Amino acid sequence: MPLLTQQGEIYGSLSTNLQGNTALQGAYGLTNHLGAAATFSSMHRKKSRKTENIDFGEASLGYFTKLSDNRVLEVYVGGGGGRTERLERNSEQVVTDKFNGSLSKVFAQVNYARKKKDNIRLFNHDFPLTYGAALRMSYVQLNDFRINGQVAPGENNLFFEPITFTRTQIAGPVQLQFLSGQMFGFRNNKYLKAANSVFQVGIIVNIGDGFLTQ
């Protein structure tokens, strides 16, 4: 959620969670209402019986506008692709099944945010708050799918992701973000399913952000 407000604004964020899902995002205000964004996410998680590896990148173009009463609205459309792999092991740590394939995605996303008039006050300092929501609809295709090296039918799914977030300005253009949400899949697939609930903590840097400097 870049929440761009003006031409020339630069946005960058780095976020992660306890599941090892790390995301790096950047955005730039091309004009006073047109923005471009790119995201790379990666998850490499190993448990006693399962290993999951996912690397995915996406890019988008969007319209943003600064509304009255300290509000911002964005609408983005874009697409991306990546790779996924899952290894399953038995109690002797021998790999019993291997699943791998490529992923492709197209999506549309709406972001809305508002800056609170009241701040958090700690240690005699005010920390301005921004809070909002993002709604994303994605169509994802699992291609070149293989199970234990054998070609298997691919799957596709339509996902709806409602997310809420809160940002706290720490110092200057640096903010701390808390993000939570859920993913819902519209198809009852065997492999390409909705992920668990989303919770991430991240650091954001906005250079030239007219939203924060009001």
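Student: What makes β11 and strand β12 count as paired?

Tutor: Strands pair if DSSP finds at least two bridges between them. Eight bridges join β11 to strand β12 (residues 174-181), and the two run antiparallel, so they meet that definition. Strands here are DSSP runs (E, at least two residues), numbered from the N terminus. The model is predicted: local features need pLDDT of at least 70, side-chain atom pairs count only at pLDDT 80 or more, and totals for chains, interfaces and linings use all residues. Residues are numbered from 1 along each chain as its sequence is written, and side-chain values use heavy atoms, with hydrogens and water left out.

Student: What lies between β11 and β12 in their hairpin?

Tutor: Two residues lie between them, and Gly172 in the turn has a positive phi of about 55°. Within the pairing, Thr166 has Phe178 in β12 as its bridge partner.

Student: How do you know that β11 also pairs with strand β13?

Tutor: β11 and strand β13 (residues 184-185) are joined antiparallel over two bridges, which meets the cut-off of at least two. Phe160 stands opposite Phe184 in β13.

Student: How many bridges join strand β9 to strand β11?

Tutor: 14 bridges join strand β9 (residues 129-147) to strand β11 (residues 155-171), in the antiparallel sense. Tyr131 has Thr166 in β11 as its bridge partner.

Student: Why is Ile207 called partly exposed?

Tutor: Ile207, found in strand β14, has 49% relative accessibility, so it counts as partly exposed. Buried means under 20% relative accessible area, exposed over 50%, and partly exposed in between (1.4 Å probe, protein chains only).

How values were computed. Helices (H or I, at least four residues) and strands (E, at least two) are DSSP runs, numbered from the N terminus.
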